[in-house]
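The exercises below are meant to be worked through with the sequence and the coordinates open.

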Amino acid sequence: MLEATVRYILDLGAPVMMPIFITLFGLVLGQGIARSLRAGLTVGVGFVAIGLVVGLLVGVVGPRSMAFATVLGLKLDVLDVGWPMGAAVSFASPISAALIPSVFALNVILVATRVTRTVDVDLWNYWHFIYTGALIHAATHSIGLGVLGACLTAFIVFKLADWTAPAIEHHFGLPGISLPHTESVNWAPLMYALERIERRIPGLSKLEIRPETIRGRLGIIGEPIFMGAALGALIGALGGISLWREHRYGAWFKEISTLAVTMAAVLIVLPKVVAILMEGLIPVSEGAREYLRKRLPGHDLFIGLDAAVVFGHPANMAVALLCVPIMLVVAVLLPGNRLLPFADLATLPCFVLWAVAASRGNMVRGLVNAILVMVPILWIGTSLGPLTTELAHTAGVRPEATTQLASQYQEWSALDLGSHILPWIVLNLFQPGTPGFWRAVVVGMIYAGAWYWVRGEMRAQYKDETRDMEDP
């Protein structure tokens, strides 16, 4: 009964589930039925709009990227079928029904005891935590270890969300919001560590390109609409190389112009639809903060959301689009990589988010950070292929948008799954005696050391703008 209820709620999807949750949350906070319902519906409209824009991005970038991969002659045997596969196998896991209330209860306890400030209302993306538990359950056949691993991952992600909240407020302009989005925020400590190193490298430390700088020097050509068009034209030109070789110049021009206009639209429209989402969230966020001030003096609350709410930042989108062809080249050259980037190339804004945010929008160091993070993403994505494929076959899950192509591959994974460095560490730490265990010990020590080294970085970066923040 519990499992059927949980699956029904999740099948409603984020655009339906989030308005219900936000409305109920507003009522609990004493916002009144009219204000709470309006906020909930506005959030739902925002999620639908963001989904349309991201869907457009996926629909045009994926096929063009695969065309460029063909030109490069990529012969890799694990296919990137996209993040929906990860979500599907997670929710299909036997332990998903137990994990959703477990993680939610953990979040409530952590907030009530002031251990964390983030209230993660993005229930759909609990699949990140469930994925950890599903992997551990498949590897160890232990439900207890699966639940423990998922809750451990959630705890660390909530702490990371608290720690990065100043950047969400002052860099992205979203006060009272945090992003407990595993595949994004789990890279933040490593990205801030890289940024701290790069600031000390002669030459690199002086290079600085920001969207506002480009606009200042190039005028109208430097505006987001023209940046999007230029980057779209680049992807279209690369994806249409085969058309050029076949002397189909008209079709090649169509590819370039289509991508140029589409990317220009994405860079202009995405920030506007995020503004719709925030119109619904701001009253609830302010109400939650006031509610907690009365009951927990000195303890501010952060509303945890999907990282998609900050995708539209101009520097982030520019770096992500530049990374599409670069990711394919890295996949060719990287020793040990078997993952063919495809479906998740369009969601690179999610994975490079903290690579750019750590540099406060400096696109030079943001691009360097993003390229460096591609290496572990491809390796982890490759290593998670066998277990993910096993979970998919057990649950009878097939890749939705790439079924015909996926049938040509024996293993499936995703760039999104490769970006789950914390779940990968936890999974391997729960398997002592395996080669992966010692790799996870080393990586875990580096990760913890990097976070400790940069733990004061948020306060230092935003010292003139930030409210007093507690250490993680």
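In this predicted model, 82% of the contacts between residues at least 6 apart in sequence join residues at least 24 apart. The protein has 23 helices and six strands, and buried residues make up 59% of its 472 residues.

**Exercise 1.** Determine whether the end-to-end distance of helix H22 agrees with its number of residues, and find how its buried residues are arranged around the axis.

*Solution.* Step one is the length: H22 has 19 residues, which at 1.5 Å a residue should span 27 Å, and the 28 Å between its end C-alpha atoms agrees with that expectation.

Step two is to sort residues by relative accessible area, with under 20% taken as buried and over 50% as exposed. The buried residues of H22 are Gly436, Phe437, Ala440, Tyr447, Ala450 and Trp451. Seen down the helix axis, these buried residues fall within an arc of 150 degrees, and they therefore line one face of H22. In an α-helix, residues three or four places apart point the same way, because there are 3.6 residues a turn.

Step three is to look at both sides: Pro435, Trp438, Met445, Ile446 and Tyr452 are exposed on the other side of H22, whereas the cover over its buried residues includes helix H7 (143–170), H9 and H21.

**Exercise 2.** Describe the second largest pocket by its volume, the residues closest to its centre, and the elements and residue classes of its lining.

*Solution.* Begin with the volume, which is about 760 Å³ for the second largest pocket. Its lining consists of 27 residues, of which Pro376, Trp379, Ile380, Trp424 and Val443 are the closest to the centre. The elements that each contribute two or more residues to this lining are helices H9 (188–198), H17 (363–383), H18 (385–395), H21 (421–429) and H22 (435–453), and the largest share, seven residues, comes from H17. Sorting the lining by class gives 22 nonpolar residues, four polar and one charged.

**Exercise 3.** Examine the backbone and the accessibility of Arg114 and His141, and locate each of them in a loop.

*Solution.* Arg114, however, has a positive phi near 65 degrees; it lies in the loop between helix H5 (96–112) and strand S2 (118–120), and its 38% relative accessibility makes it partly exposed. His141 likewise has a positive phi, near 60 degrees, and lies in the loop between helix H6 (127–140) and H7. With 67% relative accessibility, His141 counts as exposed.

Note on methods
Residues are numbered from 1 along each chain as its sequence is written. This is a predicted model: local features need pLDDT of at least 70, side-chain atom pairs count only at pLDDT 80 or more; totals for chains, interfaces and linings use all residues. Side-chain values use heavy atoms; hydrogens and water are left out. On a 1 Å grid over the protein atoms alone, a cavity is a set of points where a 1.4 Å probe fits but cannot get out, and a pocket is an open set with protein on both sides within 12 Å along at least five of seven lines; lining residues have an atom within 4 Å of a point. Grid points are joined across faces, edges and corners, and a volume is the space filled by probe spheres set on the points. Helices (H or I, at least four residues) and strands (E, at least two) are DSSP runs, numbered from the N terminus. Ala, Val, Leu, Ile, Met, Phe, Trp, Tyr, Cys and Pro count as nonpolar, Asp, Glu, Lys and Arg as charged, and the others, Gly among them, as polar. The expected span of a helix is 1.5 Å times one less than its number of residues. Buried means under 20% relative accessible area, exposed over 50%, partly exposed in between (1.4 Å probe, protein chains only). The arc is that of the directions from the helix axis to the C-beta atoms. Contact means heavy atoms within 4.5 Å.
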